[in-house]
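Please read the following report alongside the sequence and the coordinates. It moves from the overall model to selected local features.

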Amino acid sequence: MDERSSLFVVPPASTLTVSRKPSPSPGPSSGLSRRVSLVLPVYNEEAGIRQAIEEACQALEELTTAYEILVIDDGSCDSTAELVAELAVERPQVRLLRHERNRGYGAALRSGFVAARFERVAFTDADCQFYLADLGRLLPLSDQYPLVVGWRQRRQDPWRRRFLSRGYNVLTGVLLGTRVRDCDCALKVFQREVLPDLLPETDTFFVNAEMLTKARQHGLAVAEVGVRHRPRLRGQSKVSLREVPRTLATLLPFWWSRVLFAGDILPTGPERSRQVEGGHCWHSRLVAFALVTLLAVTLFFLGLGAPLLEPQESRYAEIPRQMLNQGRLLLPVLHGEPYLDKPPLLYWLVMGSYALFGIHDWAARLVPGLAGALTVLVTYWWGRRLVGERAGLCGALVLCLSAGFVYRQRMLNMDSLLCLEVTAALASAHVALIPLGSSSKGEGEKRVRQRWWLLSAAACGLGLLTKGPVALVLIATPLVLYTFLEPRCVRPSWRDGAWFALLAVGLAAPWYIAVMRQVPAFAYTFFWRHHVERFLAPFDHEKPAWFYLPGLLAGLLPWTLLLPGFFRFLSRRTLRAARRRPAALGFFLLSSLLCLVFFSASGCKRPGYILPAMPPLALALGCYLDRLVPRARRQADAGVRLLWQRRSRLAGLATLLVLTAALVLLALAGFKHLLKPNTVLALALGATCSFAVLCTRHLSWGACAAVTFLVLAVAVSFLQPAYNRQFALRNQLRSRAVLAEKGPLSIACYPQRWDSVTFYQPQADVRVYTSEQRQQLFADLRSRPRTLLLVKSRKHLEELLREWPSSVEFVALGPPGFVTAGWVRPRHLFPLVISLPLP
């Protein structure tokens, strides 16, 4: 901004509609003391340029005493420039500026604005569709308003162009907040001192929307005046359907990078200096890293020895056990049959854990536990690198202390490992797209950082080996959209894309090819049936489109309370608010939202699928939390301490919510007799004391994080193992009575197979009977009386007991859970019938 514009006092943003009906042209006395520069961009307008200039001269002579007409020839191929040069000889007020090549409508206007000399600067088109005498309606208002725009009354364009214009006005109003009814009306007047802030950067027809958006962001008042319009009589319009995609290709990146996320592409101020200099702040980074590591290791490694849940955990623990016992590495197997629903990476990792620590349920859970801890650390590194130390720490804490993430990530399934790989791939690619030698404004060499780019491709390849093509969708889609929306980042070349695809596919392709050679039906079953059909026409786990939203909101507690303020933070449209939102925040939200939309659109839904959306969403909330807590002015390290010192009513409410949830869970746990009464009483007493302390004072966000950590630590140590015991078979299969049984153990399962049976009793003779095979089950039980029978409780148990043979008895092993276990004995050995408590 030059000296004149810096002296201008910006009024509040507003839009004034001055006239809605046509009015007579103003008289010659209007605005005679004003000097006006009229910018007239032209391109191949030889048919109408003489009329346009003559009408402009006639109108300006009546409205002002001094004026100039700047005709910018934008590389015309006809005789437009020659005609203007002849007119300039006749009329000294006409000046000709020429572009050697066609640079676009916006570039022509920019050249004219820079060359303008008078206090008022107006522009119009050379198609003679406006009555330039209507400038008399705009010029008087330019004394009060920095920008006065016209809107076309009874517009005289073809219906198709009017339809496109109406849609464009709605789009710019919603996305950019232009707040005028006719954004592209080519009759506007500016106060020259505000033009340095409004100069267009685009070269396309998007120029009007850009200047209006900049005016709103700078708080400039805008007046809107109705003007007359007439059909185009000469020449050809330069606006066509081909301009629609070009304009959108300009509109959307501008909206993204200048309205939504206009902040720096890299951390600035103290955060940036800390990362560049390093020296005196290494201890702060070490403390933050140690804190995140301690929390993650505690929450993801406590309670790993809980029983395996049916059906997923037991299946994914049993498959690698059978592969290891049979010496198979290529083909996953389950009960002697190839199990090709999922790729093998998780199985290989669990096999490695078994080889190191033995076959235990806790050894299988080491893999998701390690994946969860690494996901938190990668999230911390991602945020620290791109939004600063404190925002990265806040994001990692939000993720690590979200109950839904901790619960889902600890489970033994493909989603926990895929979450790590997708997070690592997105983080590496995001860093790779920052220009080399980049400043906070994104200035630098526009070349992909190859090391990080290839690391992202490797993580994508591992994702293909974990869960198939869905990994490529979750990684490639946000990268492609972000490079389109964010002009400050590097746009990978076709060569970069080829290297990415070659490395990612090259890591996974050997396994896929080898399996397809051994099992020809694998390609159809895996790619078509388990991906395309399950997405479009699911054959299992069908849920409504909104299925993930409640679980995601509940899983983020207590940080869900930040969302109302976060949405307000995103919706503010001032330039100051836009610059407070860093560019990386856009990528975080884009990655999370695309993951949510993709799985919501899928017909097949399971709760764990949404896990990859949580790390970038946590970083987005971390950015907001970082700005919610004020920074210290002098000491960079003090900004982190303010997380503990600055008290907030919202933080106190979040802590109250955590403690209330803990009390409810403890009450439910005590009611269900999942824990010992003394344990429940002690935990409830501690929670009640904390609740009483909380009611007396506001708390800091650091205190909220500490309380949340303690509650989650108690949950993973006591509540989750107790919950697993209710829905697992380990206690029945490894009870004293079963372990004391001598000789080969015979187990019958009804009405389905449970993989925990062979995992916890690998030497047992296991038989499975469906509901249609009840009579065969009874016959086998009479011939093999010393059998451990596992029956699904409630309906199936009741129907089995109604037809129970009189020659044998069923002796239950303790109270029934979701599966009832018991011995089948000949009746003459036990004359007393043992009653079975039904649930």
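## Basis and confidence

This is a predicted model, in which local features need pLDDT of at least 70 and side-chain atom pairs count only at pLDDT 80 or more, while totals for chains, interfaces and linings use all residues. Residues are numbered from 1 along each chain as its sequence is written, and side-chain values use heavy atoms, with hydrogens and water left out.

The mean pLDDT (the predictor's confidence in each residue, from 0 to 100) is 83 for the protein, and 83% of its residues reach 70 or more. Residues 1-31 have a pLDDT below 50, and in the model this stretch has 69 contacts (heavy atoms within 4.5 Å) beyond near neighbours in sequence. The pLDDT is also below 50 over residues 633-639, a stretch with 10 contacts beyond near neighbours in sequence.

## Overall make-up

The protein contains 35 helices and 17 strands, which are DSSP runs numbered from the N terminus, with helices being H or I of at least four residues and strands being E of at least two. Of its 839 residues, 53% are buried, where buried means under 20% relative accessible area, exposed over 50% and partly exposed in between, for a 1.4 Å probe and protein chains only.

Among the contacts with a separation of 6 or more, 79% are between residues 24 or more positions apart. The protein exposes about 36900 Å², of which carbon and sulfur atoms supply 61%; these areas come from the Shrake-Rupley method with a 1.4 Å probe.

## Nonpolar cores

A nonpolar core is a set of buried Ala, Val, Leu, Ile, Met, Phe, Trp, Tyr and Cys residues joined through side-chain atoms within 4.5 Å. In the largest such core, which has 220 residues, Trp559, Phe566, Ile747 and Leu790 touch the most other members. Helix H17 (residues 414-432) gives the most to this core, with 13 residues.

Leaving aside residues up to four places away in sequence, Trp559 touches Leu397, Val398, Leu401, Ser402, Leu621, Leu625, Trp701, Cys704 and Ala705. A second, separate core of 14 residues includes Tyr750, Leu789, Val808 and Phe810.

## Strand S17 and its partners

Strand S17 (residues 819-826) is mostly covered, with 8 of its 8 residues buried. Strand S15 (residues 787-792) runs antiparallel to S17 and is joined to it by 6 bridges, and here Leu789 stands opposite Gly822. Pairing requires that DSSP find at least two bridges between two strands.

Strand S16 (residues 808-812) also pairs with S17 in the antiparallel sense, over 5 bridges, and Glu809 has Arg825 in S17 as its bridge partner. The hairpin of S16 and S17 has 6 residues between the strands, and Gly814 in this hairpin takes a positive phi near 80°.

## Two single residues

Thr124 lies in the loop between strand S5 (120-123) and helix H5 (135-138), and counts as buried because its relative accessibility is 1%. A polar atom of the Thr124 side chain lies 2.9 Å from the backbone oxygen of Ala186. Not counting residues up to four places away in sequence, Thr124 touches Leu38, Val39, Leu40, Pro41, Phe130, Leu132, Ala186 and Leu187.

Ala661, in helix H28 (residues 649-671), counts as partly exposed because its relative accessibility is 39%. Ala661 and Pro558 are 103 residues apart in sequence, and their C-alpha atoms are 9.7 Å apart in space.

Notes: A polar contact is a pair of N or O atoms within 3.5 Å; within protein, one must be able to donate a hydrogen and the other to accept it, and residues adjacent in sequence count only if both atoms are side-chain atoms.
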